[in-house]
Amino acid sequence: MPPKAKLPRKARAVVFDMDGLIFNTEAIYRDAIMAVAADGGHDIPLHFYLSTIGMSGEATRIAFKKQCGKEFDFDLFWTTAEKQFYAMTKLQLCLKAGAIELLDFLDDARLPRAIATSSRHEDVQHHLAARGLLDRFQTIVARGDYSRGKPDPDPFLKASERLGIEPALCVALEDSYHGVRAASGAGMMTIMVPDLLPPTTEMEELCVCIVQDLHAVSALIRS
């Protein structure tokens, strides 16, 4: 984070992505999907999978069908990958650096917060419960709560609506390109905390700033 980076407006709420932002789940999904692809002999290059990070479920389905052909059984593949993913999370699920400290700071500052994710509600509940975080968010916006997923701004607009705070006064935290596009499109003060995807010129233009971890987010909002 540049030494003089600051928010253009005082934040009144914070909207979090989940996978790759609060938890290390993007890395686990990557490893599970690549393992299942290798076992099944599917042509799914790593760079292709990375390009789908942050997409809605339907957009992901379309992308995989285009990559692997019309005969590709996406549902079977994804179900198998999810089983592998959940088996791996039992030992590998971790909070990202600074997550608890940021939530504690937001409690002290009395700033409401939401999750806006492409994941299913049951996945969100599973991950939050595993780390005792179910009561740390005022609302959760997940798959099924909006008509168009990321990179469309709908998930973030829905989170803003539920919090009762206009988008321009919300800080959005994202790790993916599609997520940053969605948050920026919603008019939120967008901060990228990179995970598997490195910052690009486009991300720099769409974000208020790009920071190394969630510790830096606390400092930025505090300032």
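Predicted model: local features only at pLDDT ≥ 70, side-chain atom pairs only at ≥ 80, totals over all residues.
Residues are numbered from 1 along each chain as its sequence is written, and side-chain values use heavy atoms, with hydrogens and water left out.

**Exercise 1. What is the phi of Arg110, and is Arg110 buried or exposed?**

Phi first: it is near 55 degrees, a positive value in a residue other than glycine. Arg110 sits in the loop between helix H5 (99-109) and strand E2 (113-116). Next, the surface: Arg110 has a relative accessible area of 76%, so it's exposed (buried means under 20%, exposed over 50%, partly exposed in between, with a 1.4 Å probe and protein chains only).

**Exercise 2. Which residues touch the most other members of the largest nonpolar core?**

Step one is the term: a nonpolar core is a set of buried Ala, Val, Leu, Ile, Met, Phe, Trp, Tyr and Cys residues joined through side-chain atoms within 4.5 Å. The largest one has 35 residues, and Phe16, Ile115, Leu173, Ile191 and Val217 touch the most other members. Elements giving two or more residues to this core include strand E1 (13-16), H5 and helix H10 (214-222). Apart from it lies another core, of 28 residues, among them Met55 and Phe64.

**Exercise 3. How do helix H4 (residues 74-92) and H6 pack, and which residues make the contact?**

Take the geometry first: the angle is about 15 degrees and the axes are 12 Å apart (axes are lines fitted to C-alpha atoms, for helices over the stretch in contact, and angles run from 0 to 180 degrees between N-to-C directions). H4 and H6 are therefore roughly parallel to each other (angles under 35 degrees count as such). Then list the contact (heavy atoms within 4.5 Å): Phe85, Tyr86 and Thr89 of H4 meet Asp123, His126 and His127 of H6. Finish with His127, which counts as buried at 0% relative accessibility. Its partners include Met18, Asp19 and Phe23.

Terms used:
Helix = DSSP H or I, 4+ residues; strand = E, 2+ residues; numbered from the N terminus. Parallel < 35°, antiparallel > 145°, perpendicular 65-115°, else oblique. Lists of a residue's contacts leave out its neighbours within four places in sequence.
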